[in-house]
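Here is a short tour of helix packing, a ligand shell and a domain pair, written for someone who likes to know the cut-offs. Please keep the viewer open as you read.

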Amino acid sequence: MTQHGEISDYLSVHQLTKKFGKFTALDDISFSTKLGEFLCVLGPSGCGKTTVLRAIAGLEKPTSGTIVVEGRDVTQLPVSRRNVGIVFQSYALFPNLTAEDNIAYGLKQRSKKAKGVEGRVTELLETVGLSGMGNKYPAQLSGGQQQRVALARAMAISPHLLLLDEPLSALDAKVRIRLRSEIRQLQKRLGVTTIMVTHDQEEALTMADRILIIDRGKLVQMGTPGEVYDKPATPFVASFIGSMNFITKVRKMEDGIFGVGEHRLKISNGRGARRVQNGEPVMIGVRPEDVMIQADGGDGINTLNTLVSAIEYRGSLFRLSLNLPISGNDYTTIDADVPSEKVRRLGLQENMHLPIHLPVDRIRVYAA
Ligand SMILES: Nc1ncnc2c1ncn2[C@@H]1O[C@H](COP(=O)(O)OP(=O)(O)OP(=O)(O)O)[C@@H](O)[C@H]1O
């Protein structure tokens with residue numbers, strides 16, 4: 001490791017802080033990306049995602065911290081000297097220029113020679129699947145087509161870094177899903193290192209090599225989609241990506257054994273469980289799809305008796321709300337996602353008693 005990350009890192013952001021007056025929008029953010037990687041910056045509205053992207057682009061001057069690209073400190077460089085392609089949420093095309101001219105705009109700015117521009121534009125139109133549509137104006141194109149033009153325009157200058165700020169959020173669901181895979185395939189083919197901002201967890205899970213999760217200006221976790229989903233570092237990450245049941249007032253009894261009222265749960269799930277001391281209060285989390293209904297077995301370990309309080313139809317599955325008595329009149333609610341076929345086969349209904357099983361390796365432990 002060097003001061004600014006691994007030598008092999010393509011981009012590294014080091015202790016990036018951005019203040020707007022007294023308000024800290026980004027607080028000491030450090031991360032790096034490899035060449036050709038697709039990184040998603042994910043978080044709720046106002047958490048600082050766009051500010052991260054703008055700082056990398058050179059549109060926002062950091063209060064402190066450094067941004068290094070290919071070993072070169074670019075923190076003080078203007079956007080024009082950073083070799084980045086940017087696509088924003090709103091298509092931001094010039095309405096009075098055709099698709100072709102929009103794409104050619106950056107090329108012509110860079111080089112006075114018009115030679116070669118035409119060929120490059122034709123190639124880019126083909127790349128984004130708009131061959132033959134170059135002479136249309138933005139108003140004559142659908143939202144998805146306009147965003148493809150914006151993408152072609154960003155890529156026209158062959159940027160080393162592609163920055164996408166919620167490029168799909170203005171599009172309808174079907175187009176969005178199609179463009180997701182188109183952008184990802186294109187990015188892989190061109191091998192351009194890409195950072196995309198999104199507030200859509202599904203978009204991040206399906207597109208990213210790695211996801212960076214920001215909560216109120218702080219980087220809370222960075223990992224592959226599988227890592228952040230299976231091992232969410234904090235309760236915030238756990239409930240922001242997918243859903244998670246939390247059971248509070250849990251105490252560690254001994255290594256691997258936790259007490260919830262009169263119940264004893266066996267938990268073997270990595271560091272979270274080992275870090276806490278015996279007797280310490282903790283909170284545990286289990287995803288609804290990991291709650292097994294008794295018919296799934298479990299040999300009596302982590303078996304809890306619940307009462308079905310509600311059943312909600314969700315198409316391929318049902319979400320069951322289950323009341324779990326903790327002690328005395330105290331109870332907690334656990335959601336379980338059960339395939340529809342199984343709910344029908346077992347004849348599950350409201351007010352039924354239902355034993356459930358919590359798999360030892362699917363329970364997360366968090367500080368109370
Ligand atoms: N120029 C500015 N002046 C003052 N405050 C700003 C400025 N730009 C951003 N902020 C504030 O910084 C915080 C982070 O803004 P940012 O746009 O990065 O959030 P975001 O995560 O991209 O949100 P969204 O998903 O809603 O676009 C917000 O609270 C915002 O109000």
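## Helix packing, ligand shell and domains

Helix α4 passes helix α5 in a right-handed crossing; a crossing is called right-handed if the near helix is turned clockwise from the far one by less than a right angle, and left-handed if anticlockwise. The contact is built from G143, G144, Q147 and L151 on α4 together with V175, L179 and I183 on α5. Two residues are in contact here if their C-beta atoms, placed from the backbone, lie within 7 Å. By class, the contact of α4 with α5 holds 4 nonpolar, 3 polar and no charged residues. Ala, Val, Leu, Ile, Met, Phe, Trp, Tyr, Cys and Pro count as nonpolar, Asp, Glu, Lys and Arg as charged, and the others, Gly among them, as polar.

A word on the basis of all this: the model is predicted, local features need pLDDT of at least 70, side-chain atom pairs count only at pLDDT 80 or more, and totals for chains, interfaces and linings use all residues. Residues are numbered from 1 along each chain as its sequence is written. Helices (H or I, at least four residues) and strands (E, at least two) are DSSP runs, numbered from the N terminus.

The geometry of two helix pairs is set out below. Axes are lines fitted to C-alpha atoms, for helices over the stretch in contact, and angles run from 0 to 180 degrees between N-to-C directions.

| Helix pair | Angle | Axes apart |
|---|---|---|
| α4 (143-155) and α5 (173-190) | about 25° | 10 Å |
| α2 (99-110) and α3 (117-127) | about 130° | 10 Å |

Angles under 35 degrees count as roughly parallel, over 145 as roughly antiparallel, 65 to 115 as roughly perpendicular and the rest as oblique.

Let's stay with α2. Its crossing with α3 is right-handed, and the contact uses E100, I103, A104, L107 and K108 of α2 and V117, R120, V121 and L124 of α3. Those residues divide into 6 nonpolar, no polar and 3 charged.

Helix α2 also meets α4: their axes come within 7 Å and cross at roughly 25°. That makes α2 roughly parallel to α4. The crossing of α2 with α4 is right-handed. A99, N102, I103, Y105 and G106 of α2 make the contact with V149, A152 and R153 of α4, a set of 5 nonpolar, 2 polar and 1 charged.

Now to the ligand. F20, F23, A25, G43, S45, G46, C47, G48, K49, T50, T51 and H199 surround the ligand, where a residue is near a molecule or strand if its C-beta atom, placed from the backbone, lies within 6 Å of it. Two or more residues each come from β2 (23-34) and α1 (49-57), and α1 gives the most, with 3 residues. By class, the shell has 4 nonpolar, 7 polar and 1 charged.

Finally, the domain assignment gives domain 1 (11-238) and domain 2 (246-367), with bounds from an automatic or database domain assignment. Their centres, taken over C-alpha atoms, are separated by 40 Å. The contact takes 4 residues from domain 1 and 6 residues from domain 2.
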